[in-house]
Every structure is written in C-alpha cells, then in structure tokens.
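Me: I would like a close look at how one side chain is held in its surroundings, followed by a wider tour of the fold around it. Please take your time and give the cut-offs as you go.
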Amino acid sequence: MTHLDKQDNRPAPPARTLQGIGVSPGIVAAKVVVLKRQTLRAGWYHLPSDHIEKEVGRFTGAIRAAGDELLLLREKLADDLDDALSIIDSHLLMLRDRMIVERTTGIIRHKSVNAEWALAQALGEIEERFDRIDDPYIRERFADIKHVADRVFGLLSGREHEPFASEDQPVILVANDFSPEDTLHMQAGNVQGFLTEKGGITSHTAIVARSLGLPAVVGIEHATSLLATGDSIILDGGSGLIISDPTPAEVQRVQESIRRNRLLADELDSYIHLTSETKDGLAIRLSANIETLEELPAVLRFGSEGIGLFRSELDYFNNRQPPNEEQLLATYQRLLAAMAPYPATVRTLDVGGDKFLNRFPGNKAWLDRERNPALGLRSIRFSLYEQNMFRSQLRALFRASVHGRLQILLPLISAPAELRQVKEIVTAVLAELAEQRYPVADEVKIGMMVEVPSAVVMADVFAAEVDFFAIGTNDLIQYSLAIDRGNQYVANLYEPFHPAVLRMIRRTVEAGHACNIPVSLCGEMAGDPLCAPVLMGMGLDELSMRPAIVPRIKRLLRHSRSDELRQIAGEVLRCDDSEQVRDLLAKQLAGIYPREFYQR
Ligand code: PEP
Ligand code: MG
C-alpha cells in the first residue's frame, strides 16, 4: 500500500476535536489568542437639532479615515498579491456605497441619533436584504460589507486596530470573524494561522489566507467560547480539524510533518523554474486549471506553462444578469496578458449538470426542472440553445485574443453536428468583428473536450475537425461508468483506473496523434501523483491540474525516463481490473520514485 492510496480510511478523530471548514491548507501547532472583538453593538443617544450636522461630519470623517487606512495598507502590499489588492479596492468602493453612506447619514438626520446607532441600523437593513437572497455566494458577500462597517465603527468609537503584529510568541488567532485586511496585518506578526466562527470557502478572508499561505479554518460555531487565550491547539487548514490540548506525541507528529512539508516544499521549489521533461528529453506541458483570475499569481508562482483549462462559469454565476461582452472581455484580456507568451485555454460556458444551477442568472426555471441534468441541456448544448449568450462569449474571446495566446475549448461535444454548428457561429462572429474593425489574433486554436464516450468512439472523425483535444476525465468517468460524480452513494465506484477509462484515454491520444493534433488531459487525474506517470506513458502532450501541484508532478516527470513511462502504461493497459492496476503501480512506482511512493 502506498501513502497515496484513497484517503477514506482516515483514523476517527480523537474526542478533543472541533471540526470546521479548512479554507487554507497547512498544519500548525501553537497557543491561541482569542479576540473577543467588539462588534456593532452600538449605544443609542438622541441629538439636539444643532448637533446633527456635526454628527454627520463625524461619520463622514470616519468614512474618510477608513479609506485612508485602506489606501495605506494597499500601498504596503506586494505587487504579486493581486487578489488581496482587488479585495481592498472593492472595500474602498463599499465606503462610497449608497446603502451604507447615504442611508446612515439619512438615519442620523431623520431620527436625530448618533452615527454608531445609525450605522448599525443601516447595516441591519442591508443584512435583511442579503438574508433574502437564495444564492449562497452572493449572501456570503454581506461579510465584506460588515468588515467595512466594522472598520468605520471602530474609528467612530476611537478603537485602535488590534496589534496582531506585536505577538512575540507564535500564536493562532481565534475570533468571530476577521476581515481580509486583518488577514493581511497578520502577515507581519508571529501569527501561524487563524480560526473563525464565521466564513466559508469563498469568503474573501479565505481567499487572502490562501494567497498568503496562512493556514486557516472557518465556520467553528462558538469557537471564541470553546477556546480560551493560552490554550494549545493543532490547526489543520486542509481538513478543517482542530485538536485542542494536544498530547506531546501529537505535537511531535505535527512538528515532524511540518518539517517534512518544509523540506518537500523547499525541494519542490527548486523544480519550479526547470523545464518539464523526462531525463531523456521528452517534454510534456504541465499547465493549470483555474476558475478565477485570483488564482493567476499561484499559476505563475508554481511554474505552470500555461492555462490548460480556464473554467469560465464564475463570471456568469457572480452576477444577477449574464455578463455583457465588455465584462467578459475584461476577464479574458487580463487572463491572456498575464499568461503570455504561454497559451491560455478558455473553455466556453459549461453550465448545467452539477454546475451550480441554482446560481445561474436569468431565471432559467426550465433548467431547474430538468429531471436528469447531467444528461440534459448542459455545456455546449446550452450555448447552442442560448446562442446570443454564446455569441457574446465568443466575441469577447476573439476580441481579447490579441492580448496573448488564446485557445478556445468546447465542452461536452458528443456529435459532429454540434461542431459544425459551432463553426458556423464562429465564422459569423469573426465576420461581424472584422466588419466592426476589431483586431483578432492571426491564430486562435479551437479544440474540444473529450468527455463523453461518443466523442472517444468518434475521436478519429473529430480529430480531423479540431486543433486539439482536451480529455475531461471527471466527466468521462461519470458518463462511461454511469456514476454520478456528485453522488456519495456511488463515489466508491468512481474509478480512474477502470480499464475502460484507461483504454478510452489511450484511444483518444492515438486518434489525436494520427491527425497530428496535441492531446491534453485536464480532469483531476492529471494532478494525482499515482495517475500522472501512467498518463505520461500513454503519450499525453499536456497535463493540466491545480496550480500548487505542478512542481510535484514536474519532479515525477523529471525523475522518469520515457521508455520506463511507456512500459508502465503498457502494463497498466493490459490489466483487466482496477485493483490489479493499483497493485501493479504500488510496486512499480515505489521502485522508480522511492521518495514519492514508499511501501509500508
Ligand atoms: C472534466 O470533466 O474532466 C473537466 C475537466 O471538466 P469539469 O470538471 O469542469 O467538468
Ligand atoms: Mg467536464
């Protein structure tokens, strides 16, 4: 058995544990400091009429001071913290928001009350509106408004900013919530990690923690009462597990794992700038799968040679209306410019199936009524049905193409007729752009995802029609083994090493190469150290994965010889069940990469 086997047999957690949501990976052990922060519990007082304008002035002064603080923080930030910068910018905008500023000054004037009370009232009204929103992502954005209001509230009441930076012992901070700016302040101190009662994986605080590499767990109810300053804990920002009062043996295990991770990270760092090729010079592109521009710094930091899959859905889900062409253009322009001269592969809208239907704007009620959404109007089928939306995405893509090396990827193609229809639309869009005198890059490659069995069977036909294939094993496994990828009852049957899956990958690679087109793979398999050597041996030209795993896969590649990889893939392809594949790999890989795969 290798240490990379499926992780479902983890030991049951010991009794002294709290389970939260791990939002930023890393394990740390330290004493906690609980910050019982004063929130908007404002006192009320009535103002004489001649004090009202002075009170409005005190409030607008606090708004200005909050803006100055944010600008100062912004200036101090390193340039590569793009995501943190854009969050601060959005907070600066909120300081000008009517719902906060005008409503608060209105309440001061109409009710003759103090600014703290008026601000608390305005915030309460905003919260009520957010509570009525179904979309959890948008609902979560209320936290940002509250962080901004908290800052203003603190300034009104003369509260100093809590000095995270002055902690001289390593500490883990615990609070009801932290703002993204708080998280940035932690960077300067001896803060090893944090945990909060509030928050979720997509909260901006979590995003900043991830980009700083600061381990964090959120969503532990009553954490500020359950833990007290001075308590020792272990915090696992990956699994979300907190162990309080750890035994010396547990602390030692954590320290050992921190030491090993540090060594591994240092070692992997040295691979970031090396080329991705085998010992004998076979190059395989290792690229990144991302969903937001916020991930770009990580893509560059971990040395990906391009974007193998940009999932373009978020621009559609974050808005109440489908985004317009200009909004999409802004996203694609930034993406392409940041990645140039490497290619950036943007997949057209892949809505439907398991992809957040409840978050899709425009009240497409009929989508919600689909009885079998995985087999319904999803991905390219949706784009061909809602052609205006599709045209607008294509226009934005082609207009952005002059800013870098664009590749367009079409999801869930299952029949040649779909490709023909797409081509007609592309031709019309290009003619329209030419007429409107928009420049378009000379070469924009158009490829298709191979993620349904019909695409594999017809791969020879499709290969003559597209510029590249990208195999989407997440869906290919779902559709070929008839296993809903989101259903926990059949999750144990979801098997990348099923011989049928392996043979389909092989067949697609052969069909692509017979037509001289490159074949990439961007399902989760690509970034799995156990699968990657097999995929390399099958002849894939590119593996696309989450950015942080790239150095580890690159190390595997650079320790391999192409004939060894081909031999492993050949043996794996001769197995007739997945257990046999796993047994074979456990033996073979432990021999070739002893430090990556060890046998117990
Ligand atoms: C896939 O299906 O393998 C894939 C990469 O796309 P997604 O996970 O977005 O469906
Ligand atoms: Mg897919």
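Which backbone oxygen does the side chain of S24 reach, and at what distance?

Reply: The side chain of S24 reaches the backbone oxygen of L214 at 2.8 Å, a polar contact in the sense of a pair of N or O atoms within 3.5 Å, where within protein one atom must be able to donate a hydrogen and the other to accept it, and where residues adjacent in sequence count only if both atoms are side-chain atoms. This is a predicted model, in which local features need pLDDT of at least 70 and side-chain atom pairs count only at pLDDT 80 or more, while totals for chains, interfaces and linings use all residues. Residues are numbered from 1 along each chain as its sequence is written, chains are lettered from A and ligands numbered from 1 in the order in which they are written, and side-chain values use heavy atoms, with hydrogens and water left out.

S24 itself belongs to strand β2, residues 21-24; helices (H or I, at least four residues) and strands (E, at least two) are DSSP runs numbered from the N terminus. S24 counts as buried because its relative accessibility is 1%, given that buried means under 20% relative accessible area, exposed over 50%, and partly exposed in between, with a 1.4 Å probe and protein chains only.

V346, in strand β11 (residues 343-347), is buried, with a relative accessible area of 0%, and its C-alpha atom is separated by 8.3 Å from that of L397, 51 residues apart along the chain. M536, found in helix α22 (residues 532-537), is also buried, at 3%, and M536 and T278 are 9.7 Å apart in space, C-alpha to C-alpha, although 258 residues apart in sequence. P373, in the loop between α14 (365-368) and α15 (380-385), is partly exposed at 26%, and P373 and G353 are 4.7 Å apart, C-alpha to C-alpha, at a sequence separation of 20 residues.

The ligand site is where β10 and α20 come into the picture. Around ligand 1 there are 14 residues, of which R311, R347, G472, N474 and R485 come nearest, a residue being near a molecule if one of its heavy atoms lies within 4 Å of it. β10 (307-311) and α20 (473-481) each supply at least two residues of this shell, and α20 gives the most, with three residues. By class, the shell has three nonpolar, four polar and seven charged residues, where Ala, Val, Leu, Ile, Met, Phe, Trp, Tyr, Cys and Pro count as nonpolar, Asp, Glu, Lys and Arg as charged, and the others, Gly among them, as polar.

Some of the contacts with ligand 1 can be given atom by atom. A polar side-chain atom of R311 lies 2.7 Å from an oxygen atom of ligand 1, a backbone N or O atom of T473 lies 3.1 Å from an oxygen atom of the ligand, and a polar backbone atom of N474 is 2.7 Å from an oxygen atom of ligand 1. Taken alone, ligand 1 exposes 290 Å², of which the protein buries 99%, these areas coming from the Shrake-Rupley method with a 1.4 Å probe. The space taken by ligand 1 is the largest cavity, that is, a set of points on a 1 Å grid over the protein atoms alone where a 1.4 Å probe fits but cannot get out; a molecule sits in a cavity if more than half of its atoms lie within 2 Å of its grid points.

Finally, the backbone deserves a word. Most residues other than glycine have a negative phi, and most peptide bonds are trans. Against that background, a cis peptide bond joins A340 and P341, with omega about 10°, and P341 lies in the loop between α13 (325-339) and β11. D245 has a positive phi near 50°; this residue is found in the loop between β8 (241-244) and α10 (248-269) and is exposed, with a relative accessible area of 55%. N516, with a positive phi of about 60° although it is not a glycine, has its place in the loop between α21 (499-514) and β15 (519-521), and counts as exposed at 71% relative accessibility.

Conventions. 1 Å grid on protein atoms, 1.4 Å probe; cavity = no way out; pocket = protein on both sides within 12 Å on 5 of 7 lines; lining within 4 Å.
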